[in-house]
Amino acid sequence: RANAPAGAPRRGSEWWNDHPPAGSALGPMTDQERADIESFMKTYSPKRWEKFQDIPDSRKGKVFAAIRARYHWMQKLKDNDPQLYDIRLRRLPIEDKMFAINWELHHGDPSQKKKLHRALRDEVRLFVDNSLEERRLRLDRLADRVEQEQEVLKREQARMKDLSSNHDALVDEGTLGFENDHEGMLRDIAG
């Protein structure tokens with residue numbers, strides 16, 4: 001209750017729905033945002049959403065703030081990196097199944113542990129596959145950036161070689177330019 005203002009109702013009115021935790025940059029939540037998050041969770045993490053409904057009101061605010069933050073992170077990812085968003089979106093149902101199986105392992109019928117363990121292993125395999133797909137994407141992007149930087153490096157090395165071989169001419173041009181109030185010539189040489 002540290003985030004609730006003095007006198008805020010404890011139960012029933014669900015104060016946490018409209019007021020993110022202290023320090024949150026998301027601001028107050030709209031009804032549309034709440035509906036969007038609920039729809040997203042029901043679609044991609046239905047088991048977690050179902051368990052969220054059972055959380056005591058005293059903990060719902062903090063848990064929902066984490067759900068909301070992840071939802072917003074996913075929306076930014078959707079806008080900024082659709083390819084990575086697709087990978088992460090496909091991971092959510094896998095995580096949801098792992099969550100549900102783990103819940104059953106700890107709270108369900110003990111005679112089902114072996115079956116649940118196999119099911120969990122299958123989901124973890126899918127999670128690892130998905131995570132490796134993301135890592136491959138990141139490595140491919142890194143390799144592309146390195147290749148681009150290597151091209152820049154080659155150009156700059158050639159420019160340096162050219163500038164070095166014309167050292168005395170550059171000194172003469174720079175001196176003349178500076179004497180004639182054209183200091184820009186020296187900036188061009190400096191790079």
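**Exercise 1.** Find which residues touch the most other members of the largest nonpolar core in this predicted model.

*Solution.* Start with the term: a nonpolar core is a set of buried Ala, Val, Leu, Ile, Met, Phe, Trp, Tyr and Cys residues joined through side-chain atoms within 4.5 Å. Buried means under 20% relative accessible area, with a 1.4 Å probe and protein chains only. Now look at the 18 residues of the largest core: I37, F40 and M74 touch the most other members. Next, see where the core comes from: α1, α2, α3 and α4 each supply at least two of its residues. (Helices are DSSP runs of H or I, at least four residues, numbered from the N terminus.) Finally, there's a second, separate core of 6 residues, including I94, I101, L105 and L120.

A word on the ground rules: residues are numbered from 1 along each chain as its sequence is written. The model is predicted, so local features need pLDDT of at least 70 and side-chain atom pairs count only at pLDDT 80 or more, while totals for chains, interfaces and linings use all residues; side-chain values use heavy atoms, leaving out hydrogens and water.

**Exercise 2.** List what I37 touches, skipping residues up to four places away in sequence.

*Solution.* Contact means heavy atoms within 4.5 Å. With that cut-off, I37 touches M29, F64, I67, R68 and Y71.

**Exercise 3.** Work out which residues of α3 are buried and what they pack against.

*Solution.* First get the helix itself: α3 has 24 residues and reaches 35 Å from its first C-alpha to its last, close to the 34 Å expected at 1.5 Å a residue. (The expected span is 1.5 Å times one less than the number of residues.) Then pick out the buried ones: K60, G61, F64, A65, I67, R68, Y71, M74 and L77. An α-helix has 3.6 residues a turn, so residues three or four places apart point the same way.

**Exercise 4.** Describe the lining of the second largest pocket.

*Solution.* Count first: 15 residues line this pocket, and M41, R48, V63, I67 and R70 lie nearest its centre. Then sort by element: α1 (31-44), α2 (46-53), α3 (57-80) and α4 (82-107) are the ones giving two or more residues. Of these, α3 gives the most, with 6 residues.

*On the term.* On a 1 Å grid over the protein atoms alone, where a 1.4 Å probe fits, a pocket is an open set of points with protein on both sides within 12 Å along at least five of seven lines; lining residues have an atom within 4 Å of a point.

Note on methods: Buried means under 20% relative accessible area, exposed over 50%, partly exposed in between (1.4 Å probe, protein chains only).
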